[in-house]
Amino acid sequence: MKEQLEQIKQQALCALDAAATPADLEELRVRYLGKKGELTAVLKQMGSLSAEERPVMGQVANSVRAVIEEKLESRKSEIGAAVLEAKLASEAIDVTIPGEPVTMGHEHPMNQVLQQIKDIFVGMGYQIVDGPEIELADYNFTRLNIEEGHPSRDRSDTFYFDDEDKVLLRTQTSPMQIRYMENHKPPLCMLAPGRVFRKDEADATHSPMFHQIEGLVVAENITMGDLKGALITIMHKIYGHDANVRFRPHHFPFTEPSCEMDMQCHKCHGTGEVNGGVCSTCHGEGWIELLGAGMVHPEVLRNCGIDPDKYSGFAFGIGLERTAMGRLKINDLRLIFDNDARFLNQF
Ligand code: PHE
């Protein structure tokens, strides 16, 4: 038995010397010192020894265990130190290597144009306000004189949240006219830019989400001449004084009379053709629709507690993407939302 113990000791010490990782050490601990380990197996045979031999063998066994335990501890700290050293070496940072250059972004081209437009209007005395994108049908339609059953309220055009068609993603910024007039008395002059949503297929001039800039002026003696003057001034400031714009009669339930304003297509210069084909930017029209406008309908003023016999006003809704397209000579609206740095870096 003594030889057996001696052999276990030699083997264990050898194996411990050869161990390279904390996992190796744990395996050896179990193999030699564990409950089912080799040392325990030998100790189990002690019962067969004589009463004189037993304490002697016990002592030998204890000293073998102590030697193995001691070796285990010293290997543990050696291997631990080696592991730490390797980790430090692999994670060492060379502070003298030059850093990676950080590419700086810049304001999105559409925001550049929005900022410019806001500045122009602020200079003309407009107050800039913000409103909810999730809107009540009451504000988006009803109080704007768009009655139940009107085609623009259709589920095929509008994103509704509820079965009763009462809550929706606003299809226009015009509900801001109502919201503003609820809280402000004339004379008033407001500008409300923001996102609007329609069930439109995306193409060169359409997107299911786009931006409008709503404008509203209500005071005494406001006329269609004021509307035209303000909008032509603004377009000349944005596009330059030689920009070609035109007004066309139109219909909106919340303005009377109503019109739309177009800008000559910057791609085909009004011809509707590019290289013998139909201009894709204006669909061959030669003009791009920029905004809807008109004199605020008396019913809308009344809906907001404003006396239409005393006050009149004009309103407009500018399409921001289309305005930016003309300003920056972009020929496809989808590029504005694609977020491709090769495109954005040009502005
Ligand atoms: N809200 C209208 C649209 O989305 C535009 C508009 C705004 C027309 C204000 C008249 C007055 O088409």
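Predicted model: local features only at pLDDT ≥ 70, side-chain atom pairs only at ≥ 80, totals over all residues.
Strand 5 (209-219), strand 10 (287-296) and strand 11 (312-319) each bring at least two residues to the shell around the ligand, with helices (H or I, at least four residues) and strands (E, at least two) taken as DSSP runs numbered from the N terminus. Strand 11 makes the largest contribution to this shell, three residues. Residues are numbered from 1 along each chain as its sequence is written, and side-chain values use heavy atoms, with hydrogens and water left out.

Let's look at the ligand itself. Around the ligand are 14 residues, of which Gln 172, Ser 174, Arg 198, Gln 212 and Gly 317 come nearest; a residue is near if one of its heavy atoms lies within 4 Å. The side chain of Gln 172 has an N or O atom 2.7 Å from a ligand nitrogen, and the side chain of Ser 174 has one 2.9 Å from a ligand nitrogen. For Gln 212, a side-chain N or O atom is 2.9 Å from an oxygen of the ligand. The protein covers 91% of the 330 Å² of accessible area that the ligand has on its own (Shrake-Rupley method, 1.4 Å probe). By class, the shell has five nonpolar, seven polar and two charged residues; here Ala, Val, Leu, Ile, Met, Phe, Trp, Tyr, Cys and Pro count as nonpolar, Asp, Glu, Lys and Arg as charged, and the others, Gly among them, as polar.

Where does the space taken by the ligand belong? That space is the largest pocket, where a molecule sits in a pocket if more than half of its atoms lie within 2 Å of the grid points. On a 1 Å grid over the protein atoms alone, a pocket is an open set with protein on both sides within 12 Å along at least five of seven lines, a cavity is a set of points where a 1.4 Å probe fits but cannot get out, and lining residues have an atom within 4 Å of a point. The largest pocket holds about 1000 Å³, and strand 10 gives the largest share of its lining, seven residues.

Finally, turn to the cavity. Leu 16, Leu 28, Arg 29, Tyr 32, Leu 33, Ile 68 and Leu 72 line the largest cavity, and helix 2 (22-33) and helix 4 (53-90) each give two or more residues to that lining. Helix 2 gives the most, four residues.

Conventions: Polar contact = N/O pair within 3.5 Å; in protein donor to acceptor, adjacent residues only side chain to side chain. Points joined across faces, edges and corners; volume = space filled by probe spheres on them.
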